[in-house]
Amino acid sequence: MGADRKSTFKTPPTAITDKLLSQEARRVKALDEQKRRRAQRVDSSRHLDAFADLTLGPSDDELEGDESKVLREPLSDYAKLLTDDSTRSMESASIAPSEASSTNSNRKRKQRRKKTKNQQSKWADRCMYAELLELKDDNTWESIEGEESEETLDGLPRDLEGGWVAVAPVPVGKRCLAITHQSTGVVGTNPNTALRSRLLGKMLIPRFPSALPPLTVIDCILDPQWRDNGIIHVLDVIKWKGQDVGDCETPFRFWWRDMRLAELPKYPPPSSAKHSFTFGLNSMGSANGSSSSVNPLAADPDQYRFPYPTTFVPVPYHIDTTLPALSSVVIPSARLARQVVVDIPSISHVPRATEQEAPMDLDARAGTGTVLPVHLTNPVAVSIQPDGLLLYVARASYEPGLSPLSCWVPNRAEEDARSMQSSLMGEISSPLELFERRVYSTDWSGAV
């Protein structure tokens, strides 16, 4: 009795045989809401409300009839109005500037206190966070008195073969937003890029230079080994050079992402000695609040450590989501590690020339007989560990927050959900395996 109650409590919402609570119903509702908002934006850009109250005005005959009605009033009445306004302006100007400044400063202080108490970052919860694809058990979704449910009996959407876009393999890492700002100076050398966390919108690492254009916002995954490979994975594009790309459909956004990232110039890797962070960093590069200076080369002087991410790698996407393509290409790629070639500098220590040997060398002022690190870039194949598979509705635009328009199929089960999945899946150990079994066994003629 207790086990049944516990399994029922942990069952997802779509395990209830109510079509209004199904994931497909919420997906259709979200699509309709996006269409309504898009139509409102188009109407507002046309300024239709401004033309609603416009009239053609009086005709010529009406204007001729009104010529005899001329207002004949003395100018003294208008002069009184002008004097009243002038006296009022003089009275307002006679107020002591010290009193006005003190009142303004007090108001500003109160406003600042209110803002600091309830201040929230504008980048908080701005990522499109996918819902877990709710794959149902064989006996969970049954026809109710001959009525068909919103989804197929196996939990796969009916339009999976033509209305979705697959993203695989999704790499392991920390979800974040990469935001570029307007900055002066040379592109690639001036710090213009900030990484914001997905949930709270806080800074993960200090601002760093990148080849991204200004006024760009992209959805990214920070690689856990970015200090060794300098990789940050680009998942989606929200804004590019101030142009809102998030309103476009999914295939166009991914195509735009790959084309624009391929056009970015490549800059040489930075010198890690110049860019040492002034606070402690954990394995993901987030600040822990300490003020001690950390040298990236302190751990291993012979190994180059990236001070900030330098390589933006797009996550592969698949337009073809037919069942044969899912079985042969998409699902296997979601399991296998991906190889990415990155230019990583290798540090070799060379003795410094003396002042006699190199009198014009400006670096010789530091002393003679010292050792200089020389960075030689070498192409290295980096292994990217997979985390699962993402499914996007092809007709949907980018929607911040948790959305049913994007579904997540991880290749491993969470620790706190393994007991529930073992009861629902039997011997299946991960949602990706259950998804693969559904794809193999699905017959789109109506039988499962």
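Helices here are DSSP runs of H or I with at least four residues, strands are DSSP runs of E with at least two, and both are numbered from the N terminus. Met259, for one, is found in helix α7. You're looking at a predicted model, where local features need pLDDT of at least 70, side-chain atom pairs count only at pLDDT 80 or more, and totals for chains, interfaces and linings use all residues. Residues are numbered from 1 along each chain as its sequence is written, and side-chain values use heavy atoms, with hydrogens and water left out.

**Aromatic side chains and a surface patch**

- Rings of Phe, Tyr and Trp (its six-membered ring) pair if their centres lie within 6.5 Å; planes under 30 degrees apart count as stacked, over 60 as edge-to-face and the rest as tilted.
- The count comes to six aromatic pairs by this rule. One of them joins Phe252 and Trp255, a tilted pair because the ring centres are 5.7 Å apart and the planes stand at 35°.
- Phe252 and Trp255 sit three residues apart in helix α7, so about one helical turn separates them.
- Phe252 also pairs with Trp256: the centres are 5.8 Å apart and the planes are at 45°, so this pair is tilted. Those two are four residues apart in helix α7, again about one helical turn.
- Put together, ring pairs link Phe252, Trp255 and Trp256 into a cluster.
- Phe252 is partly exposed at 36%, and Trp255 is partly exposed at 40%. Met259 is partly exposed too, with a relative accessible area of 35%.
- Phe252, Trp255 and Met259 make a nonpolar surface patch of about 280 Å².
- Patches are made of residues with over 30% relative accessible area and no salt bridge; like charges are joined within 9 Å, and nonpolar side chains (Val, Leu, Ile, Met, Phe, Trp, Tyr) within 5 Å. Accessible areas come from the Shrake-Rupley method with a 1.4 Å probe, and for residues only the protein chains shown count as cover.

**Salt bridges**

- A salt bridge is a side-chain nitrogen of Lys or Arg within 4 Å of a carboxyl oxygen of Asp or Glu. That rule gives a count of 14 salt bridges.
- Arg26 and Glu134 form one, at 3.8 Å from N to O. The pair links distant parts of the chain, 108 residues apart: Arg26 is in helix α2 (residues 23-46), and Glu134 is in the loop between β1 (128-132) and β2 (164-171).
- Asp236 and Arg253 form another, at 3.0 Å. Asp236 is in strand β6 (residues 231-240) and Arg253 is in helix α7 (residues 250-262), so the pair ties together parts 17 residues apart in sequence.
- Asp236 is buried at 0% relative accessibility, and Arg253 is buried at 0% as well.
- Glu33, Arg36, Arg37 and Glu399 are linked in a network of salt bridges.

**Around Asn229**

- Asn229 lies in helix α6 (residues 226-229) and counts as buried at 4% relative accessibility.
- Its side chain makes a polar contact of 3.3 Å with that of Asp223 (a pair of N or O atoms within 3.5 Å; within protein, one must be able to donate a hydrogen and the other to accept it, and residues adjacent in sequence count only if both atoms are side-chain atoms).
- Leaving aside neighbours within four places in sequence, Asn229 is in contact with Asp223, Phe306, Val342, Ile344 and Val382, where contact means heavy atoms within 4.5 Å.

Key: Buried < 20%, exposed > 50% of the residue type's maximum accessible area, 1.4 Å probe, protein only.
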